[in-house]
Amino acid sequence: MLLKQILKPGITGFNSASRHDIGEFETLLYSTIVQIGGSVLSKDLELLGKNFYTYEIDIDGNRLYLLLNSTYPFVAFAHKVEYGGIDFCDNTELIIGDYYQMLTKDILNTTIIEEDLQNLFKDERKQIRYWNVSLIGDIVFNYFD
């Protein structure tokens with residue numbers, strides 16, 4: 001996946017509104033996770049100070065977090081999710097339909113350069129500079145407030 005396919009206007013949550021039907025996403029998530037013997041342990045749907053939804057899941061005794069960007073259908077896995085750092089990881093067991101695009105650890109840990117940001121809104125570029133963000137994952141799943 002090319003960076004310009006990920007870094008679209010509104011990806012940071014600024015100048016955009018959520019475009020997801022959370023009920024639809026959760027129906028797909030719950031039905032898919034049950035098929036592989038996993039479960040959803042908790043969820044955080046609050047977007048105050050962040051631009052993603054978080055689901056804590058268990059797959060074969062391994063606890064992971066599934067993140068969903070609030071604007072675009074990008075999902076990712078993480079071992080740790082906290083203000084100041086997300087530890088992204090890969091998981092090939094849980095695939096959430098064709099509509100949602102799984103971003104890999106390698107993509108999320110890619111360093112950005114200024115020209116990668118050219119398609120973003122001016123306010124988004126300003127926030128990225130302010131927060132001194134250098135990785136794709138920190139833009140797609142951010143704690144900007």
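To begin, what is the relative accessible area of D44, and is D44 buried, partly exposed or exposed?

Modeller: Happy to! D44 has a relative accessible area of 32%, which makes it partly exposed; buried means under 20%, exposed over 50% and partly exposed in between, with a 1.4 Å probe and protein chains only. Before going further, this is a predicted model, where local features need pLDDT of at least 70 and side-chain atom pairs count only at pLDDT 80 or more, while totals for chains, interfaces and linings use all residues. Residues are numbered from 1 along each chain as its sequence is written, and side-chain values use heavy atoms, leaving out hydrogens and water.

While D44 is partly exposed, K50 is buried at 11% relative accessibility. K50 also lies over the face of F52, 4.8 Å from the ring centre. That label requires NZ of Lys or CZ of Arg within 6 Å of the ring centre and within 35 degrees of the ring normal.

So what does F52 itself pair with? A search of the whole structure finds eleven aromatic pairs, counting rings of Phe, Tyr and Trp (its six-membered ring) whose centres lie within 6.5 Å, with planes under 30 degrees apart called stacked, over 60 edge-to-face and the rest tilted. F52 and F141 have ring centres 5.9 Å apart and planes at 85°, so they are edge-to-face. This pair links distant parts of the chain, 89 residues apart: F52 sits in strand 2 (residues 52-59) and F141 in the segment after helix 5 (136-140). Helices (H or I, at least four residues) and strands (E, at least two) are DSSP runs numbered from the N terminus. F52 is buried, at a relative accessible area of 0%, and F141 is buried too, at 1%. Both belong to one aromatic cluster, together with Y83, F88 and Y143.

F141 brings us to the core. With I86, F141 has the most contacts inside the largest nonpolar core, which has 26 residues. Such a core is a set of buried Ala, Val, Leu, Ile, Met, Phe, Trp, Tyr and Cys residues joined through side-chain atoms within 4.5 Å. Strand 4 (74-82), strand 5 (85-89), helix 3 (105-108) and helix 5 are the elements giving two or more residues to this core, and strand 4 gives the most, with four. Beyond its neighbours within four places in sequence, I86 is in contact (heavy atoms within 4.5 Å) with F52, L67, A78, K80, V81, F141 and Y143. A second, separate core of 18 residues includes I22, L29, L64 and V75. In soluble globular proteins, nonpolar side chains tend to be buried together.
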